[in-house]
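Dear colleague,

Please find the structure below, handed over for your records. My notes on what was found in it follow directly after.

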Amino acid sequence: MDKRYLVLGAGIAGLSAAREIRCQDPEAAVTLIGAESDSPYLRPLLSKTDFRRLQRQKMLAAKESWYEESGISLLKGCAVAAIDPKAHRVTLSDGRGFPYDKCVYALGADCFVPPIPGREKEGVLTLRGTKDFHNLRKRCMTAKEAVLIGGGVIGIEMAWELLQLGIRCTVLEAMPRLMARQLDEESAALLKERITAADCECYTGVQVSEITGESQASGVSLADGRHFPADIVILSTGTRAVTGPAREAGLMCERGVVTNAELVTSDPDILAAGDCIQCGGPNPGLWNYARISGETAGYNAVHPETPKTFEAGAFPLIMSAMGMGLFAVGNTTESETVTTVTKRWENTNVPGSFRVNQNERGAETYEKRFYQDGKLCGAVLIGDISGMAEIQDELKGGG
Amino acid sequence: MATYGFVYDQTRCIGCNACQMACKDGHDLEAGLFFRRTQTLEYTDDQGRLTIMHYSGSCNHCQDAPCVKHCPTGAMHRQEDETVAVDPEKCIGCGTCTWVCPYGAPKVSHKTGRSMKCDACLDRRKEGREPLCVEACLTHCLRLVDLDTLTEEEKQLYTNTLPILPSPEKTHPNLLILAKEASRG
Amino acid sequence: MTERNEWQKIIGRCADFLESREKAMAICASFPGFEAHTRRDWELMYDFCFRGTDANFTPPLWASVYMGEKALLNQTTLEIIRFYHQWGYEPQWIEGNPPDYLGEQLRFLEYLLGAEGGDLAARVEAVADFLDDYLLEGLKALSKSLADYPDIYPGIPELFREALGKLSLHEFTEEDLGGAGSVPKDPIPNEEEHIVATGGINNCGGICVIRPHVQENCVLQIESDCNPSHAPQIRACVRGRGYRKTYLNPDRLRYPMRRLGERGSGKFERISWEEAVREVADNILRTGREYGPGSRFVLYGTGVCGIMRPGTLMNRLLALDGGYLDAYNSYSSACVTYISDYVYGTPNGGSSASTQLDTKLMILWAANTAETIFGPERNYYLSQLKQKGVKIVAIDPRLSQTAVTYADDWFALRPSTDAALADAMAYVIFEEGLQDQHFIDTYCLGFDEEHMPEGVPAGESYHSYLFGVKDGILKTPEWAEEITGIEAHRIRALAREYATTKPACIEAGFGAQRHGNGEQSARAMMMLSCLTGNVGVSGGSNCANGSRIGEHTPMMNYLNRMPNPYPGKIPTFLWTKAIEHGTELEPLKDGIKGVEKLDTNIKMLFCMASDILINQHSNINDTIRILKDDHKCEMIVCSDVFMTPSARFADLLLPATSVFEGENMINPWAGSNYYLKHNQVVRPLFGCRFEWDWLKEVAEKVGVYDDFIEGKPEVSDWLKANYAFIREREPELPDYETFSREGGWQFKEQIKAVGFEQEIRDPANHPFPTPSGKIEIFSERLYDLHQPDVAAIPRYMPCPEGPEDPLKEKYPLQLIGWHTRRRAHSIHDNNEWQDEVEKPGVWIHPADAAARGIQDGEMTEVYNDRGCIRIPAIVTQRIRQGVAAISQGGWFTPDKQGTDIRGSINVLTSTAYPTPIAKGNPQHTNLVEIRKA
């Protein structure tokens with residue numbers, strides 16, 4: 001009898017798991033269940049594409065016909081109601097039940113909505129899936145001003161897109177500096193400077209007290225009394241793993257669904273992958289982490305006797321927005337044992353050199369290298385970040 | 001297993017931009033995004049001599065392509081004939097390839113949100129056609145060839161770099177240029 | 001009758017507004033400020049906004065445009081058509097607007113929302129998608145554009161902004177569907193993508209194969225000639241490749257219009273074709289009656305070079321109404337063509353491109369075929385010469401694209417001094433006895449005293465001139481160095497090499513002859529060709545008009561033989577003078593032919609598929625002065641595809657179809673070893689019509705319909721009949737259906753024509769058609785004019801605004817205007833892809849730039865007494881010191897102070913000095929100064 005695999009969640013982790021399962025077991029029954037009404041799509045594109053050109057059907061991570069051709073049953077718009085690990089059965093909110101031999105739990109993460117008064121007003125948006133962007137785009141048709149709460153990569157990229165639509169933007173970041181986990185003080189300050197130079201206002205170390213307005217949001221107030229008018233308020237304040245169904249099923253959960261290094265949860269027949277897991281260290285919430293974990297979980301579901309270890313690896317921060325590139329990798333905290341070397345140089349177009357295309361990089365590039373025990377352990381580049389290749393090679397190969 | 005690459009006879013290139021425009025039109029590219037670019041460069045070389053030359057360049061489908069190496073999602077991949085292409089179902093527009101390529105071949109399209117570059121028109125070639133640029137060239141100076149079919153003698157005539165290009169030691173481009181002695185004005 | 005819900009009302013209102021002016025007026029009546037303006041003013045405002053009658057305002061009314069491209073009928077349009085078809089909706093072309101017109105999108109949404117039954121969930125999703133993906137963005141872009149229009153009447157932008165506000169904030173549900181009483185129709189299949197055969201249409205020596213891919217009237221890409229059996233392949237250059245971005249362009253003229261306010265104001269009122277036709281006819285009749293036939297003039301124009309050529313067709317009509325003032329010369333080759341008559345007796349001296357392969361030395365003299373494409377295979381042949389190791393030399397003040405690739409040597413002479421260089425070369429050749437004495441004795445008149453016409457005093461021969469018999473000056477290389485700026489030893493070496501290499505070719509481009517002394521430059525090259533015996537030899541040259549090549553039967557409109565009853569002709573360059581001072585023009589001084597005197601100034605101008613009216617004629621500011629006074633020239637009729645600088649000055653402005661929207665036939669002007677057939681690719685846009693179609697109607701009003709159509713009412717009748725005529729003379733040609741379907745024919749028998757081959761091989765039976773039967777190096781006809789500025793021999797003659805003009809004190813730089821690859825004259829200037837090939841800029845030498853404190857890329861002003869251009873500097877060593885260059889054809893775009901900001905060189909060129917013999921256009925001879933802006 002063919003094995004039955006159930007993948008819960010049709011993000012990149014779920015898709016990658018389903019793909020890998022099919023690859024490893026050509027005969028099995030594979031069912032991929034997703035809550036969104038779209039087929040799996042390339043979520044990161046939502047903050048990188050000209051809003052005018054953004055179309056759901058053009059962002060798919062696999063052709064519509066691929067599912068049928070691969071014998072994968074894709075159920076869209078279906079929410080998971082309950083998982084019964086003993087009965088090896090998953091029930092959807094519409095009542096349908098699906099038995100399984102192995103299940104991959106990849107329900108992803110939801111946007112974290114901080115308890116700011118006024119957050120339920122119209123015009124306050126979180127950004128996660130195509131539905132959110134549908135709402136955002138519609139608002140952008142008439143909006144003049146936007147406030148983005150949370151200055152991470154996605155927030156900055158979104159602000160850049162909104163600026164191109166002619167919408168004035170203000171980014172508010174609670175931490176004392178932008179992207180505090182990946183950038184040191186000096187780098188973060190430079191980043192803020194260049195964002196401001198790109199006509200996007202940016203404030204760090206601020207505490208949001210209220211979203212003002214009546215039924216429609218009209219602006220954002222800070223604890224220190226400042227107020228920023230806005231037609232749109234975007235909350236990009238991080239995500240929280242979707243652990244509800246896992247908890248109710250009795251699986252071990254902390255900040256996410258806890259797995260071992262082979263991505264198996266506390267139930268031997270349920271694996272987990274993607275933004276919802278807690279595997280060793282913190283979950284960076286990155287596309288690639290989700291993709292590789294999904295692929296690994298899929299493989300391990302088919303080969304429980306000979307599983308692969310999920311290699312988390314180092315995922316660099318990379319962003320191309322606000323007329324520059326930004327790259328950060330590794331350990332970027334100055335300390336007694338970590339020294340730095342900083343360089344700055346002008347970005348010039350050399351008359352005697354040929355390029356097919358040139359990225360926007362601004363007038364100057366800034367590079368900060370971090371060394372521990374004489375070895376490179378981290379770096380930040382702002383401007384022309386083509387040096388990233390050399391840095392990554394050095395980090396991997398040493399010397 | 002073939003290894004396709006462009007063979008460019010720079011001695012006959014007239015800098016007319018027909019290849020650039022044919023590619024642009026055939027792929028319906030937005031302003032500011034090029035798969036192939038033609039430029040006439042004028043500069044003083046490191047020996048102080050005035051140097052003027054036409055150059056038409058695109059992706060060089062390098063043997064050690066940094067775009068493939070550094071692509072986090074595997075979207076940038078080698079096709080069956082060793083040319084390099086982006087899989088639009090995998091690319092998330094992170095821009096890594098656009099920064100690590102010393103030739104500036106890929107660029108993230110604002111239209112699609114993804115990296116785009118010359119893919120040596122594989123779909124056309126499967127139908128028995130040539131790449132758009134090859135068919136457009138007014139002096140027939142551009143070819144896409146299986147470099148494995150060239151003899152060592154033939155390859156001796158060509159170079160895979162020019163002073164206006166980055167060092168080939170970085171990426172080992174699959175590119176053969178019949179170099180023109182530059183005009184000195 | 002079911003009630004339309006709130007949404008349908010909003011959508012329907014906007015759709016009605018965009019559908020027609022009439023419906024819009026009913027809606028405007030409800031605007032608060034309606035009473036503030038008259039009905040007529042509201043109508044004018046509507047047309048300014050939505051029907052293209054304001055030259056300065058093109059709001060983004062179509063998805064293809066507001067999604068971010070400067071294009072019509074592209075991939076975006078096709079996507080929308082597919083969407084329509086999926087839901088069983090066949091789009092209308094509202095007043096000729098492409099189907100992604102916002103008004104049509106709104107109609108579709110009306111239908112989609114209003115239908116009853118079917119899969120409601122899917123339909124709601126489709127409504128949301130259509131709004132998200134296309135329609136909301138359109139409302140946003142349009143309302144913003146309208147709000148930014150300085151003259152807009154309140155109410156209009158608000159209509160769309162309010163609709164946008166409501167539609168963007170509403171989540172449609174199944175409750176919102178229905179109310180129209182109709183059911184959704186079955187999906188409509190989409191047309192298959194297919195390829196249509198057509199070709200280039202511009203003024204081109206290498207007119208190319210163009211193969212658009214089209215689906216549902218959307219042009220998706222353009223391919224060209226890759227037919228392996230074609231030798232040579234007729235590949236499109238960068239211009240041909242960019243055709244769809246040029247012609248399917250939101251700048252298109254849309255409906256017939258009549259000027260409002262002053263000429264050149266840019267504001268027009270829309271009229272019907274009936275009105276337009278009537279006014280053209282009335283004015284033709286009126287001017288004929290009031291002033292005589294010679295008051296009507298059709299400007300030179302080369303926008304459409306097929307055999308059905310708008311300007312020529314207008315001439316046909318005028319000929320039937322008593323005639324018109326004709327013109328001779330072109331703007332391309334006035335001097336060389338005209339003076340060839342004096343030297344060879346005919347300008348038809350061209351040789352097939354393949355003869356280039358026989359040469360042993362190639363001199364590209366003012367020839368830049370890499371950009372001008374003097375024949376589709378010329379660049380390929382030059383590259384083969386290079387491979388064979390044949391030496392190639394460029395004589396040009398600029399190191400052109402061609403020279404960068406091919407030139408082993410570059411002679412950067414001062415503009416207009418070509419004849420001095422040739423004089424010195426001839427001097428060396430004679431001095432060292434390197435001339436082909438047999439050739440000059442047998443075929444030529446005037447080289448030396450022994451071969452002069454009877455009765456001419458001694459000392460008038462060319463040899464005597466070279467050796468200073470009359471003026472005491474030896475025309476040595478040292479003498480020429482002073483004038484040309486080229487070192488004497490190089491001149492000497494070139495002369496020797498040229499004279500001793502057999503055969504050697506002087507490829508005479510048209511650049512040198514487009515100077516104030518162009519006749520002399522042209523004759524100089526002819527003289528050298530004769531002196532060295534290279535005439536009539538494959539691989540040699542004769543330097544007559546090199547584009548006139550006698551291969552197969554040229555593709556022309558042979559059946560359009562309508563003699564002009566009015567005999568008067570002016571040189572084509574003198575039309576502005578003929579408006580102001582026509583009756584004062586004289587035969588000798590001004591080149592009037594056919595009559596002794598014009599009995600009227602020009603009163604009615606036709607500018608059809610031409611940008612001569614303003615952009616391409618010299619001294620734009622002076623032309624504007626003349627044309628602004630509509631008592632001088634009373635009526636200007638223009639037909640074109642775009643609101644060009646010329647179109648802005650029309651009184652009646654008629655929208656024409658582009659090459660994609662009709663049929664024609666053509667061959668390149670340089671050769672006839674192939675023909676092309678243009679087949680229709682897409683349906684005509686807006687209210688555009690090909691000139692023939694409305695000219696017939698004018699003919700009817702004028703009362704000459706039957707003679708005008710001559711039994712051939714349609715364009716296709718003329719094409720077929722001319723093809724039959726040619727086929728009688730060319731047995732290789734297939735039947736018309738095959739010819740049409742293939743998009744043309746390339747002769748298997750490629751004739752290799754050598755100019756004047758017969759005359760050289762068999763002079764007794766084929767004398768040159770000159771009075772003496774010989775090549776007239778000395779022309780008695782010119783001698784007998786006894787005019788100080790007319791030379792009987794091909795000697796160097798300085799000209800006004802040349803390097804020896806004292807005006808150089810004030811304006812020290814010589815400005816020339818090369819022909820760039822990114823335009824065909826002024827065509828393609830508004831193509832955004834071509835801007836990536838070359839942007840506006842003035843070439844300036846580093847020493848000249850440094851002296852003026854100008855850096856590369858800095859904004860400068862190029863100016864003289866005639867006007868000013870603001871343009872970035874391109875500091876380069878590819879140009880001779882003392883010379884500047886701006887590529888000709890940029891569209892005249894004056895700022896509020898009248899300074900041109902696009903690089904329209906004719907702001908700086910002059911009409912004061914037509915060339916002495918041909919009365920041609922000296923458009924490269926200009927003195928200017930440049931300063932930092």
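**Contact between chain A and chain C**

The contact draws on 19 residues of chain A and 22 residues of chain C. Please bear in mind throughout that this is a predicted model.

The size of an interface is often expressed as the accessible area that is lost when the parts come together. On the chain A side, A:Arg52, A:Lys138 and A:Met141 together provide 40% of the area that chain A buries against chain C, which is more than any other three residues provide.

As to specific interactions, the rule identifies six salt bridges across the interface of chain A and chain C. One salt bridge pairs A:Arg137 with C:Asp132, whose closest N and O atoms are 3.9 Å apart. Across the interface of chain A and chain C there are also 14 residue pairs in polar contact, with both residues of each pair at pLDDT 80 or more. Sorted by class, the side of chain A that touches chain C comprises nine charged, six polar and four nonpolar residues.

**Chain C as a whole**

Chain C contains 33 helices and 29 strands. Along the principal axes, its C-alpha atoms occupy a box of roughly 105 × 60 × 55 Å. The radius of gyration of chain C is 30 Å; this agrees with the globule rule, because a compact globule of 933 residues would have a value near 30 Å.

Of the 933 residues in chain C, 67% are buried. Contacts within chain C between residues at least 6 apart in sequence were also examined, and 74% of them join residues at least 24 apart.

**A site in chain B**

One residue of chain B was looked at individually. B:Thr149 is located in the loop that runs between strand S8 (142–146) and helix H6 (152–156) of chain B. Is B:Thr149 buried or exposed? B:Thr149 counts as exposed, because its relative accessible area is 53% and the cut-off for exposed is over 50%.

The side chain of B:Thr149 comes to 2.6 Å from the backbone oxygen of B:Asp146. Between B:Thr149 and B:Leu165 there are 25 Å in space, C-alpha to C-alpha, at a separation of 16 residues in sequence.

With kind regards

Conventions
Residues are numbered from 1 along each chain as its sequence is written. Chains are lettered from A and ligands numbered from 1 in the order in which they are written. This is a predicted model: local features need pLDDT of at least 70, side-chain atom pairs count only at pLDDT 80 or more; totals for chains, interfaces and linings use all residues. Side-chain values use heavy atoms; hydrogens and water are left out. Contact means heavy atoms within 4.5 Å. Buried area is the accessible area (1.4 Å probe) that two parts lose on being put together, summed over both. A salt bridge is a side-chain nitrogen of Lys or Arg within 4 Å of a carboxyl oxygen of Asp or Glu. A polar contact is a pair of N or O atoms within 3.5 Å; within protein, one must be able to donate a hydrogen and the other to accept it, and residues adjacent in sequence count only if both atoms are side-chain atoms. Ala, Val, Leu, Ile, Met, Phe, Trp, Tyr, Cys and Pro count as nonpolar, Asp, Glu, Lys and Arg as charged, and the others, Gly among them, as polar. Helices (H or I, at least four residues) and strands (E, at least two) are DSSP runs, numbered from the N terminus. Buried means under 20% relative accessible area, exposed over 50%, partly exposed in between (1.4 Å probe, protein chains only). The radius of gyration is taken over C-alpha atoms; the globule rule is 2.2 Å times the number of residues to the power 0.38.
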